[in-house]
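Q: Please take a reader new to this structure through the terms used to describe it, and show in each case how a value leads to a label.

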Amino acid sequence: MRNYIATFAFLLSCITCFAQGDVTLFTYIYEDVSVMPMEGAHVTLQSSFGETQVESADMDGTCRFDDIVSGQQYTVIVSMDGFSNMNFSFVAPQDDEDVIMEVEVFLTGKEG
């Protein structure tokens with residue numbers, strides 16, 4: 001009987017450990033020379049466990065991604081016709097509070 005109680009208490013403490021706040025990612029997309037917002041830029045968010053979300057930047061160059069899993073690795077790919085792609089990776093922070101991540105991305109025009 002003691003093993004059962006100890007196992008149950010351990011499971012409860014693990015459930016408590018995994019209680020996390022929500023993580024939201026905002027990307028702000030700009031053209032590198034003029035620093036003008038890049039409306040229509042495609043932003044792809046790929047998780048390490050196979051999920052993909054795709055958004056287009058609004059008129060302010062902003063994309064928002066919700067439901068990011070704390071502690072997971074993500075890759076962001078920003079693309080737009082006539083510009084070089086920009087890629088970066090990050091691990092979503094683990095925190096008991098809600099976290100808002102903000103990233104500015106500056107796209108460079110392709111030569112030729």
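A: A residue is called buried if its relative accessible area is under 20%, and exposed if that area is over 50%. The model discussed here is predicted.

Q: What makes F26 count as buried or exposed?
A: F26 has a relative accessibility of 17%. Because buried means under 20%, F26 counts as buried.

Q: Why is the pair of F26 and Y28 given the name it has?
A: The ring centres of F26 and Y28 are 6.3 Å apart, and rings pair if their centres lie within 6.5 Å. Their planes stand at 10 degrees, and planes under 30 degrees apart count as stacked. The pair is therefore stacked.

Q: How many aromatic pairs does the structure hold, and which residues do ring pairs link into a cluster?
A: The structure holds 4 aromatic pairs. Ring pairs join F49, Y74 and F90 into a cluster.

Q: What makes up the fold of the chain, read along the sequence?
A: The protein chain has 1 helix and 7 strands, in the pattern α-β-β-β-β-β-β-β.

Q: What is the strand order in the open sheet of 3 strands?
A: The order is 4-1-7, and the pairing is mixed.

Q: Why do strand 4 and strand 7 stand at the edges?
A: Strand 4 (62–68) and strand 7 (99–107) each have a single partner strand, so one side of each is without a neighbour in the sheet. From one strand to the next, the twist averages 20 degrees.

Q: How do you know that strand 1 and strand 7 pair, and in which sense?
A: Two strands pair if there are at least two bridges between them. Strand 1 (residues 23–31) and strand 7 have 9 bridges, in the parallel sense. Within strand 7, M101 stands opposite L25.

Q: What makes strand 5 and strand 6 a pair, and in which sense do they run?
A: Over 6 bridges, strand 5 (residues 73–79) and strand 6 (residues 86–91) pair in the antiparallel sense, and at least two bridges are needed. I77 has N87 in strand 6 as its bridge partner. The hairpin of these strands has 6 residues between them, and G82 takes a positive phi near 85 degrees there.

Q: How many residues does the largest nonpolar core have, and which have the most contacts inside it?
A: This core has 21 residues, and L25, I29, L45, I68, V78 and F90 have the most contacts inside it. At least two residues of the core come from each of strand 1, strand 2 (42–47), strand 4, strand 5 and strand 7. Strand 7 supplies the largest share, 4 residues. In soluble globular proteins, nonpolar side chains tend to be buried together.

Q: Which residues does F90 contact, leaving aside its neighbours within four places in sequence?
A: F90 is in contact with L25, L45, Q72, Q73, Y74, V76 and M101.

Q: What makes A41 buried or exposed, at its relative accessibility?
A: A41 lies in the loop between strand 1 and strand 2. Its relative accessibility is 0%, and the limit for buried is under 20%, so A41 counts as buried. Not counting residues up to four places away in sequence, A41 touches residues including I29, E55 and V78.

Q: How many residues separate A41 from V78 in sequence, and how many separate I29 from A41?
A: A41 and V78 are 37 residues apart in sequence, with their C-alpha atoms 6.8 Å apart in space. I29 and A41 are 12 residues apart in sequence and 7.3 Å apart in space, C-alpha to C-alpha.

How values were computed: Residues numbered from 1 in each chain as written. Predicted model: local features only at pLDDT ≥ 70, side-chain atom pairs only at ≥ 80, totals over all residues. Heavy atoms only, no water. Phe/Tyr/Trp six-rings, centres within 6.5 Å; stacked < 30°, edge-to-face > 60°. Buried < 20%, exposed > 50% of the residue type's maximum accessible area, 1.4 Å probe, protein only. Axes fitted to C-alpha atoms, helices over the stretch in contact; angles between N-to-C directions. Core = buried A, V, L, I, M, F, W, Y, C linked by side-chain atoms within 4.5 Å. Contact = heavy atoms within 4.5 Å.
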